Amino acid sequence: MCPMASDIAQNLRTEPIAGLQMCRPLCTGSETSLREALRLMRDAGKGEILITESDRLIGIITERDIMRVLATDRSLETPVREAMTASPIWVRKSETIAAALVQMAQRGFRRLPVVDESGKPIGLIGVTSILHWIVEHFPSTVYNWPPEARVTMREREGA
């Protein structure tokens, strides 16, 4: 690993999620219909909704989840609780960016909810917000990184 990449890795292991640009979460109750959830997502330009009960995160539903339900011929009037991922993985803003990346990579998530000490959703982070953080804090490394690392020429170039 090059020295600049190790700087990025070290910072990811020490910097808290609070330093990332978080999206404001879209939240609804568990009795909301899939139709209403889709409308809310469309209007907000989001691909997911956090499901809350008494202001605590209890689930998440994404466009993919809704498509899976619709493929089984269930109605759009089905409550989101029947299609949501219950007890979703979340992070707190005091955790490190590396901890969030590990959760995302291991589970194949593109986004993670961020909750406060009481379990109330306070934000949503995604791969994009992490990439923006890296570019903001290490611009020369990112902009000077070769398009393909460790490329070796198979033939001589030139005359």
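This report describes the strands, helices, cores and selected residues of a predicted model.

The model is a prediction in which local features need pLDDT of at least 70 and side-chain atom pairs count only at pLDDT 80 or more, while totals for chains, interfaces and linings use all residues. Residues are numbered from 1 along each chain as its sequence is written, and side-chain values use heavy atoms, with hydrogens and water left out.

Helices (H or I, at least four residues) and strands (E, at least two) are DSSP runs numbered from the N terminus. Two strands are said to pair if DSSP finds at least two bridges between them. Four strands form an open sheet in the order 1-2-3-4, and the pairing is mixed. Strand 1 and strand 4 (85–86) are the edge strands, each with a single partner, so one side of each has no neighbour in the sheet.

Strands of a sheet pair through backbone hydrogen bonds, in either the parallel or the antiparallel sense. The table lists strand pairs of this model, including one formed by strand 6 and strand 7.

| Strand pair | Sense | Bridges |
|---|---|---|
| Strand 1 and strand 2 (residues 48–53) | parallel | two bridges |
| Strand 2 and strand 3 | antiparallel | six bridges |
| Strand 3 and strand 4 | antiparallel | two bridges |
| Strand 6 and strand 7 | antiparallel | five bridges |

Strand 2 and strand 3 form a hairpin with two residues between the strands, in which Ser 54 takes a positive phi near 50 degrees. Glu 53 stands opposite Arg 56 in strand 3. Further along, Ile 60 has Thr 85 in strand 4 as its bridge partner. Five of the seven residues of strand 3 are buried, and the strand is mostly covered; buried means under 20% relative accessible area, exposed over 50%, and partly exposed in between (1.4 Å probe, protein chains only).

Helix 2 (residues 34–44) lies across strand 1, strand 2 and strand 3 (56–62), and runs at about 125 degrees to strand 2. Helix 3 (residues 63–70) lies across strand 3 and strand 4, at about 65 degrees to strand 3. For these angles, axes are lines fitted to C-alpha atoms, for helices over the stretch in contact, and the angles run from 0 to 180 degrees between N-to-C directions.

**Thr 28 in strand 1**

Thr 28 belongs to strand 1 (residues 27–28), and its bridge partner in strand 2 is Ile 51. With a relative accessibility of 12%, Thr 28 counts as buried. Its side chain makes a polar contact of 2.6 Å with the side chain of Thr 32. A polar contact is a pair of N or O atoms within 3.5 Å; within protein, one must be able to donate a hydrogen and the other to accept it, and residues adjacent in sequence count only if both atoms are side-chain atoms. Setting aside residues up to four places away in sequence, Thr 28 touches Leu 40, Ile 49, Leu 50, Ile 51 and Thr 52, where contact means heavy atoms within 4.5 Å.

**The nonpolar cores and the aromatic pair**

A nonpolar core is a set of buried Ala, Val, Leu, Ile, Met, Phe, Trp, Tyr and Cys residues joined through side-chain atoms within 4.5 Å. The largest core has 16 residues, of which Leu 12, Ile 17, Leu 20, Val 91, Ile 125 and Trp 133 touch the most other members. Helix 1 (3–14), helix 4 (97–107), strand 6 (111–115) and helix 5 (127–137) each give two or more residues to this core. Helix 4 gives the most, with four residues. A second, separate core of twelve residues includes Leu 34, Ala 37, Ile 51 and Ile 61.

Trp 133 touches Asn 11, Leu 12, Glu 15, Gly 19, Leu 20, Ile 97 and Phe 138, leaving out residues up to four places away in sequence. One aromatic pair is found in a search of the whole structure. The ring centres of Trp 133 and Phe 138 are 6.2 Å apart and the planes stand at 65 degrees, so the pair is edge-to-face. Rings of Phe, Tyr and Trp (its six-membered ring) pair if their centres lie within 6.5 Å; planes under 30 degrees apart count as stacked, over 60 as edge-to-face and the rest as tilted. Both Trp 133 and Phe 138 are buried.

**The hairpin of strand 6 and strand 7**

Strand 6 and strand 7 form a hairpin with five residues between them, and Gly 119 in the turn has a positive phi of about 90 degrees. Val 114 stands opposite Gly 123 in strand 7. Strand 7 (residues 121–126) is mostly covered, with five of its six residues buried.

Gly 119 is buried, at a relative accessible area of 12%. Apart from neighbours within four places in sequence, Gly 119 is in contact with Asp 55, Arg 56 and Leu 57. Gly 119 and Arg 56 are 63 residues apart in sequence, and their C-alpha atoms are 5.0 Å apart in space.
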